[in-house]
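Subject: Handing over the structure

Hello,

Here is the structure I promised to pass on. Please open it and keep it beside you as you read.

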Amino acid sequence: MTRSFHRSKVPAALCALSLVFASAVDAAPADDEIQRKTARSLANGGMVAYQAGDYKTAEENLSRAFAAFPAPTLALWSARALEKLGKLVEAEDRYRAAERASVNAGDPETQRSAKVDARKGRAELLPRIPTLKISVEGAPLAGVLVRVDGVAIANDRLQQPLLVNPGEHSVSAERGPEIVQIKASVASGDHKAVALKFEASPRASEALDAYLSDPK
């Protein structure tokens with residue numbers, strides 16, 4: 001989708017969000033008034049920021065508004081802001097959240113349309129999300145902890161390529177006291193395979209045995 005498409009849709013989206021919150025405000029309990037007003041302000045501010053090209057502020061505001069009122073329109077525009085920021089993995093997840101969200105908050109036709117747009121947006125986004133296929137050499141995978149950007153990855157997830165955002169990623173594997181680390185750079189649409197190689201030597205085996213007998 002082009003920027004001109006998004007910008008042309010913004011005024012209509014602002015009207016749609018107003019409908020969402022007008023209905024939600026009427027239906028919500030009176031003791032939620034402060035929360036409702038805050039969420040409505042966040043949504044409107046998020047769309048204004050999106051129109052101005054401030055996608056970071058737009059995403060922050062729209063995500064917080066969606067957390068308070070999980071309407072498809074809010075998830076849709078939050079996903080678009082995430083996509084603009086290059087957070088493609090998070091955008092894909094938010095598009096799916098828009099598809100799953102209820103149409104009960106606000107005008108049903110507007111919400112159903114947002115769900116359709118989210119489905120299309122996700123379909124167009126998926127081919128652009130880079131992947132990393134990570135393998136471990138020189139050690140049984142069962143005894144290794146793999147991390148991507150510091151986040152531990154379950155061994156069963158390594159059977160399939162991992163979705164990652166464009167950019168440089170730190171990929172590491174830990175086997176007792178041994179750590180193997182590499183950098184992997186991927187662009188939009190890239191599918192890269194990387195291997196983490198442990199040293200196969202008596203010295204490495206001795207260090208592992210010592211660590212397992214007395215880990216610190």
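Below is what was found in it, from the overall plan down to single residues.

This is a predicted model, so local features need pLDDT of at least 70, side-chain atom pairs count only at pLDDT 80 or more, and totals for chains, interfaces and linings use all residues. Residues are numbered from 1 along each chain as its sequence is written, and side-chain values use heavy atoms, with hydrogens and water left out.

**Overall plan**

The protein has seven helices and seven strands. Both are DSSP runs, numbered from the N terminus: helices are H or I with at least four residues, strands are E with at least two. Along the sequence the pattern reads α-α-α-α-α-α-β-β-β-β-β-β-β-α.

Buried residues make up 40% of the 216 residues. Buried means under 20% relative accessible area, exposed means over 50%, and partly exposed lies in between (1.4 Å probe, protein chains only).

Take the contacts between residues at least 6 apart in sequence: 61% of them join residues at least 24 apart. A contact here means heavy atoms within 4.5 Å.

**The helices**

Start with H2 (residues 33–51) and H4 (residues 72–84). Two packed helices are described by the angle between their axes and the distance between the axes. The axes of H2 and H4 come within 11 Å and cross at roughly 35°. Axes are lines fitted to C-alpha atoms, for helices over the stretch in contact, and angles run from 0 to 180 degrees between N-to-C directions.

Which residues make the contact? H2 brings Ala43, Met47 and Tyr50, while H4 brings Leu74, Trp77, Arg80, Ala81 and Lys84. By class, that is six nonpolar, no polar and two charged residues. Ala, Val, Leu, Ile, Met, Phe, Trp, Tyr, Cys and Pro count as nonpolar; Asp, Glu, Lys and Arg count as charged; the others, Gly among them, count as polar.

H5 (residues 88–100) comes next. This helix has 13 residues and reaches 18 Å from its first C-alpha to its last, close to the 18 Å expected at 1.5 Å a residue. The expected span is 1.5 Å times one less than the number of residues. Its buried residues are Leu88, Ala91, Glu92, Arg94, Tyr95, Ala97 and Ala98. Their cover includes H3, H4 and H6 (108–125).

Now look at Ala67, in helix H3 (residues 55–68). Is Ala67 buried or exposed? Ala67 is exposed, because its relative accessible area is 64%. Its C-alpha atom is separated by 8.8 Å from that of Ala39, 28 residues apart along the chain.

Strands of a sheet pair through backbone hydrogen bonds, either parallel or antiparallel. Here, two strands pair if DSSP finds at least two bridges between them.

S2 joins S5 through four bridges and S3 through three. Follow Arg147: its bridge partner in S5 is Ser172, and its partner in S3 is Ala152. The covered face of S2 holds Val146 and Val148, and the uncovered one holds Leu145 and Arg147.

Two hairpins are worth a look. S2 and S3 form one, with two residues between them. Asp149 lies in that loop, between S2 (145–148) and S3 (151–153). Phi of Asp149 is near 55°, a positive value in a residue other than glycine. Asp149 counts as partly exposed because its relative accessibility is 41%.

S5 and S6 form the other hairpin, also with two residues between them, and Gly176 in the turn has a positive phi of about 60°. S5 (residues 167–175) and S6 (residues 178–186) pair over nine bridges. Ser170 has Lys183 as its bridge partner in S6.

**The three-stranded sheet**

Another open sheet has three strands in the order S4-S1-S7, with mixed pairing. The edge strands are S4 (162–163) and S7 (191–197), each pairing on one side only. S1 (residues 131–137) and S7 run parallel, over seven bridges. Within that pairing, Ile134 has Val194 as its bridge partner in S7.

Best wishes
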